[in-house]
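Reader: Could you take me carefully through one part of this model, the stretch that a record marks as a binding site, and describe what surrounds it?

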Amino acid sequence: MPLVIPAYAKINLCLDVLGRRDDGYHEVEMVMQSISLHDLLELSLSEEQENNNMGKIILTVAGADLPVGEENLVFRTARILQEYTGCRLGCSILLHKKIPVAAGLAGGSADAAAALLGLNKLWNLDLTVAELYALAAKIGSDVPFCIKGGTVLAKGRGEQLAFLEAAPDMGIILVKPAYGISTGEVYSKLNSAVYPQVINTMQKKDITNDTNDIHNMLCLSDLGPPVLRMIKAIKSRQLPAVCKALYNILEEPAMKMHPNLLDIKNILFEQGAMGVLMSGSGSTIFGITPDLEAAHLLSKGLSPSLGSIYAVKLQGAREV
Ligand code: ATP
């Protein structure tokens with residue numbers, strides 16, 4: 001029986017960029033939220049060996065046209081785990097892709113986090129949660145968040161985490177246009193418009209994985225107004241307050257590249273969404289409804305010509 005691990009997508013309830021760092025990353029402040037849309041990883045042991053006696057990593061992808069070698073984050077994660085632990089076992093991974101690609105939903109990062117969790121079990125590696133977080137941060141900025149997920153404040157390049165209380169219940173409607181958006185391209189548009197100057201590398205702090213650390217983090221640093229507003233709105237447990245606090249600094253540069261995104265946003269509002277925002281660097285636009293049923297209803301009023309449409313709910317943090 002293969003080991004099956006879900007990989008949940010995320011949306012950004014808030015995404016602010018504080019500046020460009022001299023290490024090539026941007027300093028960000030985000031409130032990330034897991035949603036129920038997910039890929040599935042089916043993992044089993046493989047007896048096959050590479051020439052160098054390392055266990056073979058065999059990746060198969062169903063549901064999307066993605067590379068199955070080093071360019072796939074799942075393959076890369078398995079290789080990194082072999083190198084870090086010296087484990088010589090192999091694996092066969094079947095990735096069922098449901099999360100659209102280049103959509104601002106962190107599909108690749110979610111798969112990488114699921115692969116870390118799954119292979120830690122499959123290969124009996126006994127890695128600690130702290131080790132998993134450190135490896136996750138090496139693989140990608142959004143991967144640490146995807147380990148547990150839930151409602152999380154993320155800082156630094158996205159790898160410094162503080163776990164928030166769960167956001168109030170809501171339904172989410174996702175509209176993913178036929179085109180994807182490259183994260184790098186949106187950031188370069190933001191740079192030329194807002195951040196032409198590179199700032200000194202910001203102080204890098206260790207990754208936090210203490211679930212009660214939000215207070216430390218709030219004391220440690222002055223959070224910017226957009227994330228503070230969202231954190232307060234979540235604390236109030238009032239959905240209209242959350243909708244009012246939605247913010248994504250990347251929305252404007254992305255909409256300049258693809259004016260159609262603004263049309264989608266307006267249509268979602270017209271159809272009754274309480275709040276609408278682009279997720280991450282796009283191209284997905286999400287709308288908020290009171291519950292899943294309302295999201296399904298709203299989806300019925302949308303033309304399929306807008307793109308792929310999903311009605312989903314929030315996903316809480318997982319036990320790790
Ligand atoms: P983010 O929200 O973190 O910016 P995204 O949703 O915009 O991510 P992804 O779907 O994660 O983007 O994919 C971005 C790129 O990563 C794609 O060009 C894709 O080829 C590559 N990639 C590598 N591995 C995967 C994977 N397992 N799933 C999806 N994309 C992958």
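Author: Please keep in mind throughout that this is a predicted model. The stretch in question comes from an unreviewed UniProt entry, which lists under "binding site" the residues Pro100, Val101, Ala102, Ala103, Gly104, Leu105, Ala106, Gly107, Gly108, Ser109 and Ala110.

Ala103 lies in the loop that runs between strand E4 (90–96) and helix H2 (107–122). Ala103 is buried, because 23 other C-beta atoms lie within 10 Å, where 20 or more are needed for that label. Leaving aside residues up to four places away in sequence, the contacts of Ala103 are with Lys176, Gly180, Ser283 and Thr284.

Ser109, by contrast in its setting, belongs to helix H2. Ser109 also counts as buried, because it has 24 C-beta neighbours inside 10 Å. With residues up to four places away in sequence again set aside, Ser109 touches Gly140, Asp142, Val143 and Cys146.

Helix H2, which holds Ser109, also packs against helix H3 (residues 129–139), at an angle of about 145° and with the two axes 10 Å apart. The crossing of H2 and H3 is right-handed. On the H2 side the contact is made by Ala112, Ala113, Leu116 and Asn120, and on the H3 side by Leu132, Leu135, Ala136 and Ile139.

How values were computed
Residues numbered from 1 in each chain as written. Predicted model: local features only at pLDDT ≥ 70, side-chain atom pairs only at ≥ 80, totals over all residues. UniProt positions renumbered as here; feature names shortened; annotations may be inferred. Helix = DSSP H or I, 4+ residues; strand = E, 2+ residues; numbered from the N terminus. Buried ≥ 20, exposed ≤ 12 C-beta atoms within 10 Å, placed from the backbone. Contact = placed C-beta atoms within 7 Å. Axes fitted to C-alpha atoms, helices over the stretch in contact; angles between N-to-C directions. Left-handed = near helix turned anticlockwise from the far one by under 90°.
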